Amino acid sequence: MEQRPTILSGIQPSGRLTIGHYTGALRNWVALQSTHECFFMVADLHAITVPQDPEELRQRTLETAALFLACGVDPNQSTLFVQSHIPEHLQLTWVLACLTGMGECSRMTQFKEKSAQHRHNVNVGLFAYPILMAADILLYQADLVPVGADQKQHLELTRNLAERFNNRYGQVFRIPEPYIPPIGAKIMSLQEPTKKMSKSDPNENAVLFLTDSADAIRRKIRRAITDSGREIRYDEKQRPGISNLMVLYHVATGKSIPEIEQEFAGAGYADLKAALAEALIEFLRPIREEYERLQNAKDYLLSVLAQGAEKARSRAQQTLQLVYDRVGFLPPAVPEAVGLTTSRES
Ligand code: AQP
């Protein structure tokens, strides 16, 4: 059978998933899963780079997996797993960390932003976040990584590290390409439209969660910050607020931006907001209903993740073994081969 190109992508369980996770990641995962071999993970190791409540993290990990399924990820086509179930991610991170310059990590925009945001907890994990992400991708020999625009810089580092390793130790890693969607690669905050919408934003009105109720959607869209103009015209630079709402309308209805401009020619911002809220409610309804159904299917979710971990681990082990060999680590001897017997036999 012809080998399909491989995809790896993940989302941190650091809060409730937003419409940005749908456009930047999930909808592309679903579109690509029938033509690619897909590995999708709940990135819990990444999540603890900022403080997390342990009980909440466990709960969010399952909720995030449930949302993957509710958005259309099919466990019969794709491999779904939890990152911390595969210790090879951390083992490869160490090897790659020894090839990464301090300057490379400190230049990362996400590190600069997050360390400013969490000034009292600028930990080594936050600094090494992109190295762990490189390990995630390279372990599965991914060809393609569907991400939002904010992750492009991390992917560039991943490519550099893969090439550096291959040059030093011989060909091991495939060099991955980013897959950044042409529209929806960066959904902006509803309250500060020059800033990315983030699940951990303390201002709930800034964030549209995939599981928001109809009332919450109407309220948040009504309060969304728009620009000083009147016309409904797409201009990301001059009119980030209204342009963001137009992208959301495109996501919810499938209409193109020129079609949306035409539909609202002569209309005001309030008209677009009213139509957008109703379109989003309809669009998100099946996702929310399926998510609610899965809330009562914990055993099923756990079994999907257990099967996924088994499959992911066997792929990860193959790559790690090759890496360890190339780096020059002495493999542990099989006890019987060196004349050792187990304690039960002695
Ligand atoms: N607003 C967004 N627009 C488009 N894509 C987005 N992604 C996240 N937010 C948007 C994409 O979703 C994938 C997984 O993201 P993540 O949760 O692992 O990390 P993140 O980018 O740090 O997301 P948040 O919401 O900003 O998380 P917190 O608040 O915990 O830091 C990535 O492909 C990302 O591009």
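This is a predicted model: local features need pLDDT of at least 70, side-chain atom pairs count only at pLDDT 80 or more; totals for chains, interfaces and linings use all residues.
Trainee: OK, and which residue does arginine 16 form a salt bridge with?
Mentor: Glutamate 204. The closest N and O atoms of arginine 16 and glutamate 204 are 3.3 Å apart.

Trainee: Which helices supply at least two residues each of the side of domain 1 that touches domain 2?
Mentor: Helix 1 (19–32), helix 3 (54–70) and helix 13 (298–327) each do that.

Trainee: Back up a bit, where do the domains run?
Mentor: The domain assignment gives 6–184 + 297–335 for domain 1 and 204–294 for domain 2. Their C-alpha centres lie 30 Å apart.

Trainee: What area is buried between them?
Mentor: About 1700 Å², and carbon and sulfur atoms give 74% of that. On the domain 1 side, Arg16, Ile19 and Ile183 lose the most area to domain 2, together 38% of what that side buries. As for contacts, 20 residues of domain 1 touch 20 residues of domain 2.

Trainee: Switching topic. Aspartate 136, buried or exposed?
Mentor: Aspartate 136 is buried, yet it has no salt bridge. The nearest side chain of opposite charge is lysine 199, and that is 13 Å away.

Trainee: So what does the side chain of aspartate 136 make a polar contact with?
Mentor: The side chain of histidine 89, at 2.7 Å.

Trainee: Where is aspartate 136, and which residues is it in contact with, leaving aside neighbours within four places in sequence?
Mentor: Aspartate 136 is in helix 7, residues 124–139. With those neighbours left out, its contacts are Leu8, Met41, His46, Gln83 and His89.

Trainee: Last one, leucine 92. Where's that?
Mentor: In helix 4, which covers residues 88–97.

Trainee: Why is leucine 92 called buried?
Mentor: Because its relative accessible area is 0%, and buried means under 20%.

Trainee: Which residues is leucine 92 in contact with, again leaving aside neighbours within four places in sequence?
Mentor: Ala135, Leu138, Leu139, Phe173, Leu320 and Val323.

Trainee: And what separates the C-alpha atoms of leucine 92 and threonine 319?
Mentor: 9.1 Å, although leucine 92 and threonine 319 are 227 residues apart along the chain.

How values were computed:
Residues are numbered from 1 along each chain as its sequence is written. Side-chain values use heavy atoms; hydrogens and water are left out. Buried means under 20% relative accessible area, exposed over 50%, partly exposed in between (1.4 Å probe, protein chains only). Lys and Arg count as positive and Asp and Glu as negative; His and the chain ends are not counted. A salt bridge is a side-chain nitrogen of Lys or Arg within 4 Å of a carboxyl oxygen of Asp or Glu. A polar contact is a pair of N or O atoms within 3.5 Å; within protein, one must be able to donate a hydrogen and the other to accept it, and residues adjacent in sequence count only if both atoms are side-chain atoms. Contact means heavy atoms within 4.5 Å. Domain bounds come from an automatic or database domain assignment. Buried area is the accessible area (1.4 Å probe) that two parts lose on being put together, summed over both.
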